[in-house]
Amino acid sequence: MRKINILWVDDEIDLLRPHILFLNEKGYEVSTANNGSDALDMVERNYFDIIFLDENMPGLSGLETLNRIKTISPNVPVVMITKSEEENIMDEAVGSKIADYLIKPVNPKQILLTLKKNVEKKRLVTQQTTSAYQMEFSKIGTRLNDRLTAEEWTDIYRKLVYWELELSTSEDSAMDEILNFQKNDANVAFARFIRDNYLKWFGKSSGERPLLSTDIFRHKVFPLLNQGNKVFTLVIDNMRYDQWRVLSRVINEYFHTEEELLYFSILPTATMYARNAMFAGLMPSEIEKLYPEMWDDDDNEGNKNQFEETLLQKQMQRLGRREKLYFDKVSNLKSARKLSETIQGIRDSELSVMVFNFVDMISHARTEMDMIRELASDEKAYRSLTLSWFNHSSLLDLLRSLSAMDIRVVVTTDHGTIRVNNPVKVIGDRETNTNLRYKLGKNLNYKARQVFEVTNPKEAFLPSRNVSTSYIFAQGNDFFVYPNNYNYYANYYNNSFQHGGISMEEIMVPVITLSPKR
């Protein structure tokens, strides 16, 4: 392992020889300087992992030296060592981005702790995280062999996302591979769970099945209105749970999390089905039956979610709700820039709903644009790109403004997405839809063991074009490809993010209740 290089700058450096010998014995390489000018020369010529800097030196002071070091090597951590605890000196040092500070006289244990905290933290975190996940690995693996309930599956998925985020900060790529293997195993078991249970959930009360897309407003939004709250509901299209966990670190600066749940998106886990079901409070076949003018065939071009506001109004009417509704949909940069103008509409309404399509746009752009595919090469990069968008978005500006209002915020999504890499052949006629994760048609040809098949759409409350229509759903990281030009499409869509099928990432998605920090 490469030695850690330390520069120690102090006008009484000879008095620090015992500390320097101690560090040498611990395996550190220590260079010294007794004034700021010499230190700057050394920083220009050499690379240092960390610098210990005396605050009170003749000639260039410690603070002056610190500022010049930051212009030469802005990323090197600098630890200020001072005799003074005066607040103005500490404020100035902290404002100049010191990594840490120590009060004289320092002892060897303090120095060692500072080194581990500022230089070796990543290595130590990697070791601890790897060790902890290795202990958890077998526990999760054992549970995958059990007959789990829906609630137990959400617990498994939460744990896997937790370890995915933890391991993403480590440098142990081998553990990333092990986690991916375990996620794949979990998705195989989860697909089996969905095949065995999904059709049994219909006709049961919400207490006997998991929370579904159709339940979100009735069980998570309207009860807040019943308590006399104004409610803002934010639907971020195609947002996975791991993406929410990253965004929540920013959002929690402004809001308290009152409740964070995972609900089950209906099948297909696609916007046309899941989001319409959410706003209508009805399954797709029920929407088609009650409001045929608001339902379009899957393969028709155009906006299949253009009636979301009306569907929500219909749900409210059926439940006898008369709250004033403000509804907005943001699907391009032009409409995003108008977000500041929506504040008054939200303020004047008891229920406000906003749909944001940007995460879904990132997912689609990644498939079609090589540059976006490079920027979001894997799940970690995909999360990072999502966070970067959010940090510079007008949505964050809106949430900041809402945090100053007396309003509850519900954040949710319609479905998630999964990175696919295993092409599965399917044959269909011209009327077969184009989605890569589910197919519907009357002449589908496939291997039954590779899919979840619904031969009677009425059982899954799905629309049926004719008496012989059936649906099939891809599982895990599979995606459907036609035999014609098989190699081209298999390569083109390999490693792309898709939705519509069965995986933990697509089906188990978050719904969160927030209250402002005031």
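Mentor: This is a predicted model, where local features need pLDDT of at least 70, side-chain atom pairs count only at pLDDT 80 or more, and totals for chains, interfaces and linings use all residues. Residues are numbered from 1 along each chain as its sequence is written, and side-chain values use heavy atoms, with hydrogens and water left out.

Trainee: How many residues of helix α11 are buried?

Mentor: Helices are DSSP runs (H or I, at least four residues), numbered from the N terminus. Buried means under 20% relative accessible area, with a 1.4 Å probe and protein chains only. Helix α11 spans residues 271-280 and is mostly covered. The buried count is 10 of 10.

Trainee: Which residue just after α11 takes a positive phi?

Mentor: The helix has A280 among its buried residues. Just after α11, a phi of about 70° belongs to G281.

Trainee: Which helix gives the largest share of the lining of the largest cavity?

Mentor: A cavity is a set of points on a 1 Å grid over the protein atoms alone, where a 1.4 Å probe fits but cannot get out; lining residues have an atom within 4 Å of a point. The lining includes Y157, L160, V161 and E164. The largest share is 4 residues, and they come from helix α7 (residues 150-167).

Trainee: Is α7 parallel or oblique to helix α10?

Mentor: Helix α10 covers residues 241-251, and α7 packs against α10 at an angle of about 60°. Angles under 35 degrees count as roughly parallel, over 145 as roughly antiparallel, 65 to 115 as roughly perpendicular and the rest as oblique. Therefore α7 is, relative to α10, oblique.

Technical notes: Buried means under 20% relative accessible area, exposed over 50%, partly exposed in between (1.4 Å probe, protein chains only). Helices (H or I, at least four residues) and strands (E, at least two) are DSSP runs, numbered from the N terminus. On a 1 Å grid over the protein atoms alone, a cavity is a set of points where a 1.4 Å probe fits but cannot get out, and a pocket is an open set with protein on both sides within 12 Å along at least five of seven lines; lining residues have an atom within 4 Å of a point. Axes are lines fitted to C-alpha atoms, for helices over the stretch in contact, and angles run from 0 to 180 degrees between N-to-C directions.
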